[in-house]
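Please keep the 3D view open as you go through the points.

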Amino acid sequence: MAVEVRIPAIGMSTTEGVVTEWFAADGEQVEKGAPLYALELDKSVQEIDSPASGTLKVIAEPGETYDVGTLIAEIL
């Protein structure tokens, strides 16, 4: 079963974020709890950890802005 990776709501005022970098390429294996991608929010960048282990299927392109809740990847 695929685990969805969505833009998280970090803080009360967060409405969108920019995926600045993926730390694993599409199709690579990722481990639960390991840094998965960097997310820029209101002039700060945070590393977001993988919610599961498995094969990464990237949907979102780095450098693009996405609303909170947007599906950006799946872990199969």
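Let's begin with Tyr37, which is buried at a relative accessible area of 0% (buried means under 20%, exposed over 50% and partly exposed in between, with a 1.4 Å probe and protein chains only). The model is predicted, so local features need pLDDT of at least 70 and side-chain atom pairs count only at pLDDT 80 or more, while totals for chains, interfaces and linings use all residues. Residues are numbered from 1 along each chain as its sequence is written, and side-chain values use heavy atoms, with hydrogens and water left out.

**The aromatic pair**

- The count comes to 1 aromatic pair, where rings of Phe, Tyr and Trp (its six-membered ring) pair if their centres lie within 6.5 Å; planes under 30 degrees apart are stacked, over 60 edge-to-face and the rest tilted.
- Trp22 and Tyr37 have ring centres 5.2 Å apart and planes at 50 degrees, so the pair is tilted.
- Because Trp22 sits in strand β2 (residues 16-22) and Tyr37 in strand β4 (residues 35-41), the pair ties together parts that are 15 residues apart in sequence; strands (E, at least two residues) are DSSP runs, numbered from the N terminus.
- Trp22 is buried too, with a relative accessible area of 13%.

**The sheet**

- Four strands form an open sheet in the order β5-β4-β2-β7, with antiparallel pairing; two strands pair if DSSP finds at least two bridges between them.
- At the edges stand β5 (44-49) and β7 (65-67), each with a single partner strand, so one side of each has no neighbour in the sheet.
- From one strand to the next, the twist averages 40 degrees, using axes that are lines fitted to C-alpha atoms and angles from 0 to 180 degrees between N-to-C directions.
- The antiparallel strands β2 and β4 are joined by 4 bridges.
- Glu21 has Ala38 in β4 as its bridge partner.

**Two loop residues**

- Thr14 belongs to the loop between β1 (3-6) and β2, and it counts as buried at 12% relative accessibility.
- Leaving aside residues up to four places away in sequence, Thr14 touches Pro8, Leu41 and Val68; contact means heavy atoms within 4.5 Å.
- Gly33 is found in the loop between β3 (29-30) and β4, and it is partly exposed, with a relative accessible area of 43%.
- With residues up to four places away in sequence not counted, Gly33 touches Asp49 and Ser50.
- Gly33 and Trp22 are 11 residues apart in sequence and 15 Å apart in space, C-alpha to C-alpha.
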